[in-house]
Amino acid sequence: MPEAKSIFDANLLIVDDEPGNCALLETVLKGAGYRNLTTCTEARQVEGLHRQHCYDLILLDLEMPGMGGFEVMGVLKDVENDYLPVIVITGSEGSKLPSLKAGARDFVRKPYDIEEVLLRIHNTLEVRLAHQLALSTSQQMENLALHDPLTGLANRRLLEDRVRMALRHARREREGGQAAVLFLDLDGFKQVNDTLGHHAGDLLLKQVAGRLQAAVRGDDTVARLGGDEFVVTLNKVTGEEDASLVAQKIIEAVARPYDLEGETAHVTTSMGIAIYPAHGHDAETLMQGADAALYRAKEAGKNVFRVAAAARRGSAREPAPANRKAANEGAAEESSSHADTRRNGRGRAANDGI
């Protein structure tokens with residue numbers, strides 16, 4: 001259960017059209033140790049106040065002129081989808097059951113029994129804060145399940161979903177939508193680990209992650225597969241030249257020096273590119289094609305990118321090399337990464353803030 005300190009730090013709103021009733025409850029709650037109290041005598045203001053302040057509990061008078069408590073609870077359900085943090089204040093015995101059916105957590109009788117009021121508020125807040133804690137824990141667990149714990153980037157599971165989503169969007173485009181997968185790893189990362197230690201290596205990976213995110217648009221996806229392997233998914237590219245401009249921007253960003261707590265390190269990146277639909281029609285094929293092209297970029301001397309060979313008709317996928325250290329022919333079918341990608345063309349320019 002939440003600690004008592006958490007309960008007394010909860011954010012409470014008292015709603016009653018009689019200022020004297022608001023003042024009485026405020027005095028009682030302050031005397032009990034509650035620190036964050038707001039009062040309101042106008043029922044129509046409750047929704048806006050709750051949207052702004054996200055109260056942990058609302059003490060709501062049921063019988064008010066103009067807009068009654070039942071109507072207020074109906075409006076609040078648009079703000080709180082799964083848990084209505086309301087204790088109803090009522091002097092009518094017949095209103096208790098309808099209030100609970102309308103979503104109230106509990107009720108307080110008029111005239112007030114102070115001990116009962118404090119107990120009901122404490123118990124309701126205990127449940128409310130426990131619910132919030134459970135929801136937060138669930139969100140954290142979901143985040144951990146979908147993101148790399150070191151860099152905060154998407155992990156393989158989330159990446160696969162994002163690639164499939166990008167392909168669905170591309171297929172819906174009327175004029176031949178395209179998407180791209182960029183598979184890259186770092187040249188020289190092992191040397192950083194060996195000479196400066198794993199802590200420095202972790203710092204470098206975090207900085208690389210930041211540079212990759214800065215090099216692409218908000219609706220693109222950057223993922224870390226593990227070690228020094230990263231994948232970037234580009235939505236809505238116009239073709240090979242468009243993806244190549246992004247690749248060159250990434251290469252230049254990664255090559256800048258790294259300050260690792262006073263130590264300067266240098267790494268570069270090699271990259272393979274596969275584009276839908278030219279190099280495959282599904283996520284697995286594109287990943288394999290980009291991985292194979294990455295191997296060929298390594299063979300070409302590193303700090304460059306290569307584009308995958310066109311998909312063969314009648315074949316669902318282009319096999320990636322089982323080991324990038326193994327020999328692999330076919331460089332003549334690849335595209336280079338240097339001066340040609342620096343020119344302006346249709347699609348993204350290198351300084352577009354992609």
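These exercises work through backbone features, a cavity and the cysteines of one predicted model.

Residues are numbered from 1 along each chain as its sequence is written, and side-chain values use heavy atoms, without hydrogens and water. Because the model is predicted, local features need pLDDT of at least 70 and side-chain atom pairs count only at pLDDT 80 or more, while totals for chains, interfaces and linings use all residues.

**Exercise 1**

Step 1. Most peptide bonds are trans.

Step 2. Helices (H or I, at least four residues) and strands (E, at least two) are DSSP runs, numbered from the N terminus. P111 sits in the loop between β5 (106-109) and α6 (114-146). P277 sits in the loop between β11 (268-276) and α11 (283-299).

**Exercise 2**

Describe the backbone and exposure of C54 and K236.

Step 1. Most residues other than glycine have a negative phi. C54 has a positive phi, near 50°, and K236 has a positive phi near 55°.

Step 2. C54 is in the loop between α3 (46-53) and β3 (57-61), whereas K236 belongs to strand β8 (residues 229-237).

Step 3. Relative accessible area (1.4 Å probe, protein chains only) sets the class: buried under 20%, exposed over 50%, partly exposed in between. C54 has 52%, so C54 is exposed. K236 has 54%, so K236 is exposed.

**Exercise 3**

State what lines the largest cavity.

Step 1. A cavity is a set of points, on a 1 Å grid over the protein atoms alone, where a 1.4 Å probe fits but cannot get out; lining residues have an atom within 4 Å of a point. Points are joined across faces, edges and corners, and the volume is the space filled by probe spheres set on them.

Step 2. The whole structure has 1 cavity of 30 Å³ or more, and the largest cavity holds about 40 Å³.

Step 3. Its lining consists of A166, H169, A170, E173, G177, Q178 and K236. Helix α7 (residues 156-172) gives the most, with 3 residues.

**Exercise 4**

Step 1. A disulfide is a pair of cysteine sulfur atoms within 2.5 Å. By this rule there are 0 disulfides.

Step 2. C40 has 3% relative accessibility, so C40 is buried.

Terms used:
1 Å grid on protein atoms, 1.4 Å probe; cavity = no way out; pocket = protein on both sides within 12 Å on 5 of 7 lines; lining within 4 Å.
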